[in-house]
Structures are given as structure tokens and as C-alpha cells.
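Please find below a colleague's note on the structure shown here. The points are numbered and may be read in order.

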Amino acid sequence: MKLKSVGVIAVSVALVAGAASCSGNNGGGGDSSSSTTKNEFNAALTKVFNPSDKKGGDMKFAISSDWDSVDPGDTYYGLSWNLARLYTRALTMFKVAPGDESSQLVGDLAQGLGQSSDGGKTWTYKLRAGLKYEDGSPITSKDVAYGVSRSLEKGVLVNGPTYFNDFLDLKGYKGPYTSKGKTNPAIETPDDTTIIFHLNKPFAGFDYFAMLPATAPVPQAKDTGAKYKQHVVSSGPYMFKTYAAGKGFTLVRNPNWDPATDPNRKALPDSYSVEIGANADDIDQRIISGGLDADIAGTGVQPAALSQVLGQPALKARADNPLAARINYTSINPQIAPLTKKDCRAAIEYAADKTAYQQAYGGPLAGGKIATGLMPPQIPGYQQLNVWPDGTDNKGDVTKAKEALAACGQPNGFATNIAYRAERPKEKAVAEALQQSLGRVGIKLTLKPFPVGDYFALYAGKPSYRNGNNLGLMVNSWGADWNDGFGFLSQIVDGRVIRDTGGSSNLSVNIPEVNNMIDQAIVEQDVNKRNADWAAIDKRVMEEAVVLPGVWASQVTLRGTRTTNVFVNQAFGMYDWTTMGIQ
Amino acid sequence: MVVGPGTSVSDQVPVGREPAEAESAPGKVIEGRSLGRIAWTRLKRDKVAMGGGVVVILLILMAIFAPLIVKWIGYDPNAFHPETIDPATQQPTSSFPFGPFDPKHWMGVDLPFGRDIFSRVVYGSRISLLIAFLATLLSVLIGATLGVIAGYFGGWVDTVISRAMDVFLAFPILVFAIAIAGVVPDKAFGLQGDALRIVLLIFVIGFFNWAYIARIVRGQTLSLREREFVDAARSLGARSGYVILREMLPNLIAPILVYTTLLIPSNILFEAALSFLGVGVRPPTATWGGMLSEAVHYYTTPHFMFWPGMAIFLTVLAFNLFGDGLRDALDPKNR
């Protein structure tokens, strides 16, 4: 490490609070509890690794496959939401801090969190003063309103979440392209610094919606619809210098960004180079050798580099093992015989070898933690469940599985299919692991690979296909939109999101009782009660045995050789791209 | 992809080198020594070809007795051995020849589950050889039949069959194989699972490769048709069927046999390529190509790739060496 050539000044990352602390420049470990300079495994997991305020340098990022879009109104990838904070500012954002602090929301464009009235149906935000676009023109609340309105246009901007479509009281308004000349009745802007949202039903967690990149301001005159991604007008500390679709882009400093209006961002490097479409194994090797600063996919090193990183102490010291808010699980289809009987589904829950499931994803570090429910531990309200005890060593309980099979009238087991995404070797390994472990009790699985692009639209996600083709088990994976019960569970346990035309990630859960519980949890104003409601929903879903939880994903990620201020932002489950600098 | 093996068996009558002085003489002089006996004598003298032949026989025995072999010195090819994977590093503790030797898993184990590579290589030979042999048999049956018909009858029959050959030679068989493997249902023709996929692969590989052998047989037939013994048979009133079966076919056996042994390795490679691309036999059934495909994700642990790669290499090499020797021994010019 080239650490010693630089005088290290540790600065607290609690930027909002402004509390600073200092540490010596030669002590090895920082004496501040929230930062460290010691190069060790998990150094950046709950602390800021290698703190520094040094500006300058070109941050080099790479990723193996392109994500949906850099347009803030058209993106649904965690890495993109993380990265978009460099060139856009939303109304609110997750606190830029390591550890549990990063799950708190703070104001970004807005001075603080929203004020709710009308029982949670009206939300008001006040913008900061002195906000400017990259061209120097002022950012007003109307620009924020326009950004949200255009994100409603799912026919043009197809990728983003649909929360605003579902919750705003639109009264038939479709968006600025379709409903030309009309104003959005759900958003009011009485003056340039005030924005008021009207919802069609009370929703207590609206501050999470205000965190979505879609609330970033977009100047109506510069909006080119689906082509806006070719030049996103910056409201953040960096702006686009070049953009080549599918190949990469460069960001340079935005001269009109005023740090006085932005207590959350450090903006240390002079520029960012993002390379898209590099070979995934090559990216790992370049980070190891120091030619790259980070893999922005944030999903960890490839299997080839994993054994290298874990096997060599010098490399392992540069690695972190963050837990993502993601569950890798398998949906159990209760629509096809004999899985229509709960006992037959229970047999699968009991017989599955969770250690093999974990191994399929790369073991305890690269794979994750063995899951007993859907909701991961870092979601507020999480409760440890044990609905289907899988033996003392997580290898499954064959005796109980056989009892369950006898109870459902299939004492010798049965045959069904397991679907997985053909392009994902880890999901193939899951299918093989389940084939082995369920085979112990006579449940015979046939492996059925499907192309990843149409997995939800045409195959496993389409009820007529999965029921007609006897897909009893379907390997599945889900990451939180944000870390709370609604952001994690609503899209995968609400039976009403299942559409006959396909496309839903919810492949198997449709329990009327759960649907009612969701409706109650959404309107619950008390945060603690609401969190408990979601934990109860998780438990109720598990009791129906329609999902087989596998692992709560974690990954082994590598820090670059020259990066400073590295820490895992728990809100994204990956390094925070806005604070990293170059030493 | 599947090109006809670059054989020297062309569709002309081979005008190869003159036979070695002594060799041709006994064939003509000593009555009672059949073509087969002569060829066998020559083949025995060719050490390289015999070496290839021995390996081929061993491979066939290995494929046939795979269940017994893994019962004695291996494991169920799909069984997991989690105890052989170090949880901290996700590296197999046994990975000979690039890591520590483990007598229990002497070719090492794969990731992520620790399946025994030796057992998988042994079982992989069954799929490879079964598909390669049967696909070759199918190609030879179709190709030899159509080739001899085209060559013997000539005229419009020849034109139709020759154009069909051109079409099949121009056919993008790899693309077709990938497409058909994607759309084929789970159950068809009363078969399902692995059996259906194997039959499908045999059909795809075999059916689209007949044109090469048909061309060679047609060429040979064209020249044989003008030979005196054929004329003699015809003038004695022999029907076409008799001439083809009794007069022509025995003289075509040699090129067909040679071509067959050279088509087999080409088909082994093609099957491996299809499995590598994920359109062969479905996992977890062990195939050499499939093992290679899985090994790519773990290129830092090269023994995953080494053993199945070695198996394919040795098999193809052995068949090619044996085929070359056989061709030399059966050189039609020395008949």
C-alpha cells in the first residue's frame, strides 16, 4: 500500500453532524471509532477505511455489463442509484455514513425530511437555497415536480420503479409526454422552494420515495425523453463530459455545484472514468494490480478471483464482506400437484440442504448467510424465524421431511421440475444442490434452464407457463429497493402483483391474509409498529411453505490500492461511490 | 465446426504413393489371404496406430464398465463431498496435479460442491462415446446408401442426391443444433430427460454429417462402376441390387471404415462443443464438454479443466492415430 507517503488525517464521516476527530498519521489503526487505516479483512465494513480529505485524481471504475440507464427517471439498479448521486441530487438520500447510520434518511435537495399531513396522504418538502444546474441556472421545485412527472411515463422510461404511479393521486394524469399541456394534479409547487405531494392513500414511508433518483430535478426544456440519458443535466457535484452508450462515460467537476448547499457529499476526485463491458475476470485482476479503483457492480469478485483473494493474506486484507439486502431463494409453486398440499411443500422445506445452497453461491463469505425467512437481518424489524427447522447442522431434516411426505400422501416422494436462469452458473448450482438434497427423500427434480432475459416475462414469471409446464420449484433472487419492510417485501409477497401476462418477481405467494396484512402495514404511521407488522408478514408467508429461503447474500469485494474514504453503505450493500477519493 | 475430418480420402480414387514393393505382391499371389488379413498384418506393424487402437479399446471398456469402475475406485459422479472444500478459501483441499494429492480423489474435486472429477471423467466417456459412435453410424448408413445410389445410377438420381449433399454441406449445423436444443420439449417420441437429449444429439450430429461420406462413396462408386468385374457381372445379367451389394460394397468397405474412424473423433469434439455451449445433455449428467464449461469460471484452479480436456485430447488423438493407420493398411490402391 502506498499509504505511508501521505500524511493521513482522519476525518469523521459524520459529515452531517460535522463532528470531526483526528488521529495520528503513523499509528496503524485509527483511534477514531468510526475510521481505520489498518489494512485488514472487513476494514471498510463498519468503519471508514483510509480517511482523507485530499482532492484530485481520476477515479477509475469498471463494470462487466451495462445497467438499464443513467437517466435518473429510468433506472432500477442499486449500483445506479448509488452512482447517480454523483451527478444528480434527489429530495432525500441515505445518510452517507458507515454502519447502521446509513439506513437513516436525510435531506438532499430538501432541507430535511418531509412533513406529512392529512394522515399521511400529503407530504411537503422545502428545498435548500442556492441550488444550481451545471449551466448555472437555478433549480426550482418545479424541476423536481417535472422529474417525478416524467418518470410516470413507463411507455418511454420503462425501467424505473412504479411507486409514484401507484401512490400519487394522479386523477388520470399520465405524464408530460402523454398528457401534454396538463399539469400533474398530484404535485403542487406553491413557490420555487416548496413541493407538495398528494397521495391516493396514506403512506407513512414517503421519505423513501423521495430518495428515488426520479425526484432529481430535470429541466423541462432539456428533456429529450428516452434520449435524455445521452446528456443528463447535472445537479450534483459532477457532470457528464463524455457518454458512449454501452461503452462508458466520464464525469468531471460541475463548476456550479456549491458545497455550501450540500453537506452530504465530499466530491474528492477531479473526475471519474466509468468503463462498461469489460471482462469480469479481467476487472478483478486489474483491481488486484491497482489499475482499477472499483468494480461498480458491487456484486463481489468472480469465482476465479475469489479463491485467490481468500487464499492470499495480502489480498484478503484488501477485501470486505458486506451483506447485501438480498435473498437468494426458491419459489415453491402451490398451484401444481402434489405441491397444492402444504405437507408436500413442507417436505421440501425440511429436506433442503441449506449448506449446499450456501455452497452453490460460493460459501459463507461469497455466498451469504443461511436464511430462515425472507427478510434479511439488516432490515429494521427483522426477527429470527425458525418455522421449518432444518436439522442441527442446516443440512436438512430427512426424518421430518419423510413424515411430511407421508402426511401429504406421497410417502415415496414425487417428481417435479426446477427452473433456473441458464446464464447464471450459481443458480444452476442451486438446482443441482436441491436435486441432490431432495433426492434423499425421493423428491426427483428435473433441471429446466431458461434464458435470463425472459425468465419472468415468459417462463417462470408467467402463471400459465409455470403451471402448464409443471415448474414446481423456481430459483429466484430478490434485492430490496431500500432497507425497510415495504421496500424489501412488498413486491415479492403481495399476491396482487402477480399478473396473468407475466413479469412479476413474485412467483408463488398469494395469500389473502398476507395481502390484508400488507394493506395495514402500509398505512401504519408508527415506525416500530410498522416494522413489526412486516416481520409478522414474513413469518406468515414462511408458514405457508411457498418459498424456500436459501441465503441472505453477501459478497467478497476488493478495495482499490489507492482509494481513500472507503466504506460500505448499508443502504446499497456496496461501497459508497460518492465519498471515495484518491490518495 | 464439423468439417469432414481433413482426411486424405478424397472423392477421387486415391492416387497415393505406390505400395511398398513387397506388400502388394503377397496380396495377389497367395490365394486365400483376404483383404482383412492383409490389412491386419500391415496394421500390426504400425506401432503408432496400434497404440491408438489400444487406447480406443480401453476407452470403450471404460465407458461400458463406468459404473463398476467408480464403484471400485470412485464415487457417484453427482455426489457432493463438501468436506473436501476449505470453507475459508473456497478451494478444494485436493487438486492434483496442481495442488496437494488426495488418494481418495486422485484427480481432485470440482467447485462448488466437491464432486469427484475422476468419476465424472469416467462417466463423461459414456456420453461422449455413445453419441459419437451412434451419430457416426447414422451418418455412415445414410451417406453410404445415398452415395452408392448416386454413383451407381447417375443421371437425375445423381443430380438430386448431389445437390442435397451440397445443401447439407452448406448447412450451419452448429446454429441449427443450438436452436433445436432450445425448442425441444421435455418429452417427445416417448422419451424424456437425458435419453431424449442423447437421441436428439445423435440425430442432429449424425443426420447433418452424411454428406461428406456420401461424396466419398459416390466418387469411389463412379470409378468402380466402369471396372471390368462390374461390366462382367452386368453382362451376365446381374440386377443392380446384386451388383451394388455383392460387387461394389465389398470394395467400398475400406474407405467407409477409414472414414468412420476419422468421423468419430470429429463427432466427439462436436458433442463436447455442444455440451460446452450448454445445449448438450442437461446437468448434472457429467459430460466432458460440460465439465470444461463449468471449469471456465474457475480458471485459477486449472485442474478442473485439465482432466476433461485431457480426456477429450487423448480420445480424439487415439481415434485419429488409429484411423490414419487403418487408412494406410486398407489403402484401396493395394486391394
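**Notes on the predicted model**

1. Chain B has a secondary structure of 13 helices and 4 strands, where helices (H or I, at least four residues) and strands (E, at least two) are DSSP runs numbered from the N terminus. This is a predicted model, in which local features need pLDDT of at least 70, side-chain atom pairs count only at pLDDT 80 or more, and totals for chains, interfaces and linings use all residues. Residues are numbered from 1 along each chain as its sequence is written, while chains are lettered from A and ligands numbered from 1 in the order in which they are written.

2. On confidence, the predictor assigns the complex an ipTM of 0.74 and a pTM of 0.80. For chain B the mean pLDDT (the predictor's confidence in each residue, from 0 to 100) is 82, and 87% of its residues reach 70 or more. Residues 1-25 of chain B have a pLDDT below 50, and this stretch has 37 contacts in the model beyond near neighbours in sequence; two residues are in contact if their C-beta atoms, placed from the backbone, lie within 7 Å. Where pLDDT is low, the predicted coordinates should not be read in detail.

3. Of the 335 residues in chain B, 42% are buried. A residue is buried if 20 or more other C-beta atoms lie within 10 Å of its own, exposed if 12 or fewer, and partly exposed in between, with C-beta atoms placed from the backbone. Among contacts in chain B between residues at least 6 apart in sequence, 75% join residues at least 24 apart.

4. Why is helix α12 of chain B largely enclosed by the rest of the structure? In this helix (residues 288-295), 8 of the 8 residues are buried, so the rest of the structure largely encloses it. Among them are W288(B), M291(B) and L292(B), together with E294(B). The cover over the buried residues of α12(B) includes α5 (117-153), α11 (240-276) and α13 (303-330) of chain B.

5. Between the chains, 21 residues of chain B are in contact with 25 residues of chain A. The side of chain B that touches chain A consists of 11 nonpolar, 9 polar and 1 charged residues. Here Ala, Val, Leu, Ile, Met, Phe, Trp, Tyr, Cys and Pro count as nonpolar, Asp, Glu, Lys and Arg as charged, and the others, Gly among them, as polar.

6. Chain A holds an open sheet of 5 strands in the order β10-β11-β12-β3-β13, with mixed pairing; two strands pair if DSSP finds at least two bridges between them. Its edge strands, each pairing on one side only, are β10 (238-244) and β13 (294-295) of chain A. Strands β3 (residues 58-63) and β12 (residues 271-276) of chain A run parallel and are joined by 6 bridges. M59(A) has Y272(A) as its bridge partner in β12(A).

7. An open sheet of 4 strands in chain A has the order β6-β7-β9-β8 and antiparallel pairing. Its edges are β6 (115-117) and β8 (187-188) of chain A, each of which pairs on one side only. Helix α2 (residues 141-151) of chain A packs on this sheet, touching β8 and β9 (194-198) of chain A.

8. T578(A) lies in the loop between β24 (574-575) and β25 (581-582) of chain A. This residue counts as buried because it has 22 C-beta neighbours inside 10 Å. Beyond its neighbours within four places in sequence, T578(A) is in contact with R85(A), L86(A), V96(A), R265(A) and K266(A).

How values were computed:
Axes are lines fitted to C-alpha atoms, for helices over the stretch in contact, and angles run from 0 to 180 degrees between N-to-C directions.
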